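Student: I would like to go through the labels used for this structure and ask what each one rests on.

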Amino acid sequence: MDKILIITHTADNFSIEKVTEYIGKNGCEVIRFDVDLYPLQNKLSTVFQDGKWVSILETQEVKYRLDDISAIWYRRAYNMGKGLRDELEAKFYGAAMGEIRNTIFGFIESVDVYSLGKPSVYRRLDSKEEQLKVADKIGLKIPETCLTNNPEEARKFILKHQNVVAKMQTGFAIYEDGVENVVFTNVVSEDRLEELDSLLYCPMQFQKMIEKKKELRVTIVGRDVYAFEVDSQQFEDSKVDWRKDGVNLIDKWVRTELPGDVEEKLLELLDVYNVDYGAIDIIVSPEDEYFFIEINAAGEFFWLDNLTEENLISKSIADVLCDKAPRRNNMVTA
């Protein structure tokens, strides 16, 4: 029986169970590695001796051989080293966490089997600039864009385009008094130009604001394309960034069809990056122009999966992992 390793964390959502269920229906076995239990509860060892590499994962319940797995789904790596800060002196904590990350990421990168997601792939796709350049090169429309830490360049861009949004290139939150404040996309008006001086300390991405007829979230797994649309303009808080009012929109998404040329170019985008999963954000203008915004290498899909018959996105992920569907080969020595 083929073994599929899923790398995630204990607080991940139910999509893991759905994918696991379909993997079982494909006649394969799932090994789950919750990284937030590493290293205090889970143990990971890789040994080379007698001419062979052997990898072992020990959980509190089971001991697994990992050197004979057939595929990996690198889903999430949240809260690695959870609880370790309470066990170590502060001066050792940073070094220990560095070793923990390197060990897990090194293992994922080096296993010579098919992997749906890798740390190196996620790092590459963190580059919004490369994403936009690749999308433009293959013929997708993109908004006018300025990435800068130069206040004057930003001012010139904003004055030229008038309606401009500002966004961070990485998803993050600011914590104040223990409260998480997520940084969303925001409109930049001319009366706030003086605030741009702070760019000196932190670059930002600015884009010409595209009037929205609708917004799309396109989840691609292998060659399977799942496109959903939503009218983000129906609620005030979701007009600029639908994630800001995602709870109210969660049941407003509907399955849709992409124009053939747009779907073809999105598949080409995944070909360029040699990945089999991507969650792509698109804005459709009132003139029915499709603007590529970004691709998320590990973007969430559970709420859209629930809108398909029998969780088809989870099924596609399981089929790719079990080699039951076409996939882009990314083995180390392929």
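This is a predicted model: local features need pLDDT of at least 70, side-chain atom pairs count only at pLDDT 80 or more; totals for chains, interfaces and linings use all residues.

Student: Why is Arg155 called buried?

Tutor: Buried means under 20% relative accessible area. Arg155 has 15%, so the label applies. Arg155 is found in helix H5. Leaving aside neighbours within four places in sequence, Arg155 is in contact with Leu193, Glu194, Leu196 and Asp197.

Student: What makes Ser55 buried?

Tutor: The cut-off is again under 20%, and Ser55 has a relative accessible area of 8%, so Ser55 is buried. Ser55 is found in strand E4, residues 52-58. Beyond the neighbours within four places in sequence, its contacts are Ser45, Thr46, Tyr64, Arg65, Leu66, Asp67 and Phe107.

Student: How do you know that strands E9 and E13 pair?

Tutor: Two strands pair if DSSP finds at least two bridges between them. Four bridges join E9 (residues 164-167) to E13 (residues 204-208), so the two count as paired. These strands run antiparallel, and Val164 stands opposite Lys208 in E13.

Student: Which sheet holds this pair, and what makes a strand an edge strand there?

Tutor: The sheet is open, has four strands in the order E8-E13-E9-E12, and its pairing is antiparallel. The edge strands, E8 (145-148) and E12 (186-188), each pair on one side only. On average, neighbouring strands of this sheet are turned by 30 degrees against each other, direction ignored.

Student: How do you know that helix H5 packs on the sheet?

Tutor: Contact means heavy atoms within 4.5 Å. Helix H5 (residues 151-161) touches E8, E9, E12 and E13. The direction of H5 makes about 15 degrees with that of E13.

Student: Why is a space called a cavity, and how many are counted here?

Tutor: A cavity is a set of points where a 1.4 Å probe fits but cannot get out. By this rule there is one cavity of 30 Å³ or more. The largest cavity holds about 180 Å³ of space.

Student: What lines the largest cavity?

Tutor: The lining has 20 residues, and Leu116, Gly117, Tyr122, Tyr277 and Ala297 lie nearest the centre of the cavity. Strand E6 (71-74), strand E7 (114-116) and helix H3 (119-125) each supply at least two lining residues. The largest share, three residues, comes from H3.

Student: How does the lining of the largest cavity divide by residue class?

Tutor: Eleven of its residues are nonpolar, five are polar and four are charged.

Key
Residues are numbered from 1 along each chain as its sequence is written. Side-chain values use heavy atoms; hydrogens and water are left out. Axes are lines fitted to C-alpha atoms, for helices over the stretch in contact, and angles run from 0 to 180 degrees between N-to-C directions. On a 1 Å grid over the protein atoms alone, a cavity is a set of points where a 1.4 Å probe fits but cannot get out, and a pocket is an open set with protein on both sides within 12 Å along at least five of seven lines; lining residues have an atom within 4 Å of a point. Grid points are joined across faces, edges and corners, and a volume is the space filled by probe spheres set on the points. Ala, Val, Leu, Ile, Met, Phe, Trp, Tyr, Cys and Pro count as nonpolar, Asp, Glu, Lys and Arg as charged, and the others, Gly among them, as polar. Buried means under 20% relative accessible area, exposed over 50%, partly exposed in between (1.4 Å probe, protein chains only).
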